[in-house]
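Work through the exercises below with the structure open beside you. Try each task before reading its solution.

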Amino acid sequence: MKLIRETSPYIRRKANVARMMIDVLIALLPVVVFAIIKNGMKSISVIAISLVSMILLELLCVMFIKWPEDMKIKELFSKEGFKKLYAKYTINNITAPAISAIIYAMILPAGTNWYVVLVGAVAGIVLGKMLFGGLGSNIFNPAAVGRVFVGLCFGSQLVYNNGGVDVAAGGTPLNYIANNLSFVETALENYTLKDMFLGNIPGSMGEVSALMILIGGAYLFARRSADFRPAVGMVGSFAVITLVVSFV
């Protein structure tokens, strides 16, 4: 048996990786639009800072990682030097960090301080991705690395709200359910299933609306940029286990 080493993405089709990246960006649009409508400028600022930071950081890292051996630093400011560096970039060096940036922004609460967003973006791209070699070589999700980092460093500043007067500096309904399924009844005392499905609950900008997430997922399945079988298997397994545990 011959073992073949491959890098992510592992689900491949005739269309190239760039097309799949664009599909992911399109799939993220529903939650982004929902976040902007619900939170206004508070969400736009977080998304903008995250996008600019991660895209520029990746471009800078790629520039130094793939620096031409025969090129001197002073050539960077010349037309020829710029062309040499530009030849090292691909569209994936823009779309990939853009995806990470949007996901990172969507798992933050609206109105997060700009420096918190920036610090998480640096941690996500530099420590979570480029330190391992960049696209296809990183073992961690850059957005998740950034979110965990700011959660550890600035946890008290991550304040959640539902777009109105309700504010939660700690756990949200989704946190309670994630930590202990027995809290489902408690969560439903304050919010209806409709509220939780549509996103009228406190939480991160892109996590609260199950409807918007499902729309994005359906688009990826329809485009075959994602395989529905792992998703169905995971959700189905969770549903079966939950059903069994509820009878214990």
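Predicted model: local features only at pLDDT ≥ 70, side-chain atom pairs only at ≥ 80, totals over all residues.

**Exercise 1.** Describe the largest pocket: what is its volume, and which residues lie nearest its centre?

*Solution.* Start with the volume: about 1,500 Å³. Next, take the lining, which has 42 residues. Nearest the centre lie Val24, Ile99, Ile103, Asn141 and Leu220. Helices H1, H4, H10 and H11 each give two or more residues to this lining. H10 gives the most, with eight. Finally, sort the lining by type: 30 residues are nonpolar, nine polar and three charged.

**Exercise 2.** Find the salt-bridge partner of aspartate 23 and say what the pair ties together.

*Solution.* The partner is arginine 223, with the closest N and O atoms 3.2 Å apart. Now place both residues. Aspartate 23 lies in helix H1 and arginine 223 in helix H10, so the pair ties together parts 200 residues apart in sequence. Aspartate 23 has a relative accessible area of 0%, so it is buried. Arginine 223 is partly exposed, at 31%.

**Exercise 3.** Decide whether lysine 129 and glutamate 58 are buried or exposed, and locate them.

*Solution.* These two form a salt bridge, with their closest N and O atoms 2.8 Å apart. Lysine 129 sits in the loop between helices H5 and H6, and glutamate 58 in helix H2, so the bridge links parts 71 residues apart in sequence. Both residues are buried.

**Exercise 4.** Compare the exposure of arginine 229 and aspartate 227.

*Solution.* Their side chains meet in a salt bridge, 2.7 Å from N to O. Arginine 229 has a relative accessible area of 56%; the cut-off for exposed is over 50%, so arginine 229 is exposed. Aspartate 227, at 22%, is partly exposed.

How values were computed
Residues numbered from 1 in each chain as written. Heavy atoms only, no water. 1 Å grid on protein atoms, 1.4 Å probe; cavity = no way out; pocket = protein on both sides within 12 Å on 5 of 7 lines; lining within 4 Å. Points joined across faces, edges and corners; volume = space filled by probe spheres on them. Helix = DSSP H or I, 4+ residues; strand = E, 2+ residues; numbered from the N terminus. Nonpolar A, V, L, I, M, F, W, Y, C, P; charged D, E, K, R; others polar. Salt bridge = Lys/Arg side-chain N within 4 Å of Asp/Glu carboxyl O. Buried < 20%, exposed > 50% of the residue type's maximum accessible area, 1.4 Å probe, protein only.
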